[in-house]
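Colleague: I am new to this structure and would be grateful for a close look at a single part of it. Please begin with the strands and then lead me through what surrounds them.

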Amino acid sequence: MKEKGISEDFDSIIVDSFNYEIIPFIKKPGTFDVIIKINGKTQLELFGFDLLFDFREFHASSKENAQKKQEFDTRRIKPDMRERFFLFTCTCGAPDCSDIYKGVLIRREGDKISWLVDEKVEKPKKLIFNAKNYLDLDQKLYENLKELAKNEPGLIYGGTQKTLAEIISQL
Ligand SMILES: [Zn+2]
């Protein structure tokens with residue numbers, strides 16, 4: 001089944017290393033960002049854009065569905081999942097503010113999870129993750145942020161007006 005507007009011409013990248021850093025914004029005390037590194041590269045190096053990595057969408061995408069307020073690890077990506085999420089967004093939190101209208105196509109194929117990034121890039125890129133590593137990283141990020149929200153509930157996420165505690169409570 002083909003989706004309209006999907007390029008068949010993309011660079012495939014096997015993801016060997018995938019990690020994240022939670023970093024405070026030096027210029028705006030009390031705010032923080034989540035920086036992801038794929039194969040040792042930041043999204044700026046990898047895609048040429050430096051947008052907010054939205055861990056809410058990331059977390060929702062790693063669940064069977066994006067229904068909120070359910071127990072964390074009772075849901076997993078459906079085996080045949082094929083859905084778009086706004087993993088990268090404007091630092092204000094609104095994707096269209098940075099001309100992002102499609103989002104990243106996330107697919108689950110067996111023991112692999114892939115992202116097709118086909119907007120805001122010169123050439124589309126398909127990143128292929130090991131599903132177990134991906135889900136483990138999601139869980140770790142979630143636990144870390146939950147802990148951080150407990151210790152610093154007033155911390156603001158990126159340029160959004162939302163506190164970390166508020167965001168975590170909605171996951
Ligand atoms: Zn914006």
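**A hairpin, a core and a loop**

Modeller: In this predicted model, strands β2 (residues 18–24) and β3 (residues 31–38) run antiparallel and are joined by 7 bridges. Within this pairing, Glu 21 has Ile 35 of β3 as its bridge partner. The hairpin that β2 and β3 form has 6 residues between the strands, and Gly 30 takes a positive phi near 90 degrees there.

Let us turn to the largest nonpolar core. This core holds 23 residues, and those touching the most other members are Phe 85, Leu 87, Phe 88, Val 104, Ile 106, Trp 115 and Leu 145. At least two core residues come from each of α2 (55–61), β8 (104–109), β9 (112–117), β10 (125–130), α3 (131–151) and α4 (164–170). Strand β9 gives the largest share, 4 residues. As for Leu 87, setting aside residues up to four places away in sequence, its contacts are Phe 53, Asp 54, Glu 57, Phe 58, Gly 103 and Val 104.

A loop residue may be considered next. Gly 48 lies in the loop between α1 (43–47) and β5 (52–53). Because 10 other C-beta atoms lie within 10 Å, Gly 48 counts as exposed, the limit for this class being 12 or fewer. Apart from residues up to four places away in sequence, Gly 48 touches Val 121 and Glu 122. Gly 48 and Glu 122 are 74 residues apart along the chain, and their C-alpha atoms are separated by 8.6 Å.

Technical notes. Residues numbered from 1 in each chain as written. Predicted model: local features only at pLDDT ≥ 70, side-chain atom pairs only at ≥ 80, totals over all residues. Buried ≥ 20, exposed ≤ 12 C-beta atoms within 10 Å, placed from the backbone. Contact = placed C-beta atoms within 7 Å. Core = buried A, V, L, I, M, F, W, Y, C linked by C-beta atoms within 7 Å. Pairing = 2+ DSSP bridges.
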